[in-house]
Amino acid sequence: MTLLTLDDVSFGYTASPVVKDVSLTVDAGEYVGLIGPNGSGKSTLLRLCLGLHTPDAGRIELFGHPADEFVDRERVGYVAQDVTENTKQMPITVAEVVLMGRFPHTGFGRVGKRDRELTQQALETVGIDHLADRRITKLSGGQRQRAYIARALAGEADLLVLDEPTVGVDAESVDAFFELLAGLNADGMTVLLVEHDIGAVLEHADRVVCLNRELYFDGSPTEFADSDALDRAYGTNVHRGERVEPR
Ligand code: ADP
Ligand code: MG
C-alpha cells in the first residue's frame with residue numbers, strides 16, 4: 001500500500017523554487033532516510049508532505065487524498081525539527097503530551113480507559129514511562145523526541161515523519177534512538193526520517209532519498225554508496241568526514 005505519493009512537485013517561498021520537480025512514493029512498512037545539504041529543502045518537503053504547504057505545481061497524496069486537504073491528522077506522527085521551541089512555554093507533563101495523541105480519536109471529549117492504556121503503552125514502548133509525570137520542559141532533547149514519538153504511537157499513527165530528531169542528542173542516546181526506530185519499523189511502522197548523519201541513514205534506513213532542491217538519488221543504501229549522488233548533491237560543501245560506507 002502506498003502511503004505517500006509526490007508527483008512532479010515544485011514549491012518555493014519566493015519565485016525561486018526550494019523543491020523542484022520531485023517525484024517519489026513511500027509504501028507501508030518502508031524506512032526512508034531523506035538526506036541533503038543544509039537549506040536543500042528537506043524540511044520544506046516534509047511540510048509539503050504533511051499538507052502544511054501547498055505545491056506550486058504537481059500533486060501530493062497522503063493515504064490517497066490530496067495532502068493539503070487530508071483530515072485524518074492522527075495517522076501521521078510528525079516530530080518537527082527543534083520541537084524544543086514549541087514546548088518551552090508549555091507547563092504540561094510528559095503523560096499529558098502523549099495523551100494528546102488520543103484527542104483526534106476522542107473528538108476532544110472525555111478521555112477513557114483505552115486512551116489511558118494506549119498512552120501508558122506508548123510511554124513504555126519508547127522507554128520513558130518513568131518520566132510520565134515530569135514536565136515536558138524538564139526532559140533532555142532525546143527524551144523529548146521519545147515523548148513526541150510516544151504521542152504519535154498513542155494516536156495510532158501509520159506513518160512517522162521525523163525532521164532531524166537527533167540534533168542536540170548525545171551519541172549514546174542517538175544509538176538507542178535508532179534502535180527504537182528500527183524496532184518500531186520492524187513492528188510495521190512506516191518511517192520517513194530526515195537525518196544529517198549520512199552514515200546513520202546508510203546504516204539504518206532501507207531506502208535513501210538524496211535531495212538538493214531536486215531529487216539526486218532514490219534507492220538502496222548500497223546503491224547510494226556506489227553512486228556519485230553524494231558528490232553531485234552536496235557539491236563542494238561535502239565534508240569528507242560525512243562520507244561513510246554502509247556498516
Ligand atoms: P533544509 O531543511 O534542507 O535545511 P529548508 O526546507 O528548511 O531546508 O529550507 C530550504 C530553503 O528555503 C532555504 O533556503 C531556506 O532559507 C528557505 N526557507 C525555509 N523556510 C522558509 C520560510 N518559512 N520562508 C521563506 N524561506 C524559507
Ligand atoms: Mg531542515
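**View 1. Salt bridge between E61 and R59**. E61 counts as partly exposed at 24% relative accessibility, where buried means under 20% relative accessible area, exposed over 50% and partly exposed in between, with a 1.4 Å probe and protein chains only. R59, its partner in a salt bridge, is also partly exposed, with a relative accessible area of 38%. The closest N and O atoms of this pair are 3.1 Å apart; a salt bridge is a side-chain nitrogen of Lys or Arg within 4 Å of a carboxyl oxygen of Asp or Glu. The structure holds eleven salt bridges. This is a predicted model, in which local features need pLDDT of at least 70 and side-chain atom pairs count only at pLDDT 80 or more, while totals for chains, interfaces and linings use all residues. Residues are numbered from 1 along each chain as its sequence is written, chains are lettered from A and ligands numbered from 1 in the order in which they are written, and side-chain values use heavy atoms, with hydrogens and water left out.

**View 2. Salt-bridge network of R102, R114, D115 and E156**. R102 and D115 form a salt bridge with the closest N and O atoms 2.8 Å apart. R102 lies in the loop between helix 3 and helix 4 and D115 in helix 5 (residues 113–125), so the pair ties together parts that are 13 residues apart in sequence. Helices (H or I, at least four residues) and strands (E, at least two) are DSSP runs, numbered from the N terminus. Both R102 and D115 are buried. R102 also meets the side chain of E156 in a salt bridge of 3.0 Å, N to O. That pair links distant parts of the chain, 54 residues apart, with E156 in the loop between helix 6 (141–154) and strand 7 (159–163). The relative accessibility is 4% for R102, whereas E156 counts as partly exposed at 35%.

**View 3. G101 in the loop between helix 3 (94–99) and helix 4 (103–106)**. G101 is buried, with a relative accessible area of 8%. Its C-alpha atom is separated by 9.5 Å from that of L118, 17 residues apart along the chain.

**View 4. Helix 1 (residues 42–49)**. Seven of the eight residues of helix 1 are buried, among them K42, S43 and T44. Helix 1 is followed by G51, whose phi is positive, near 80°.
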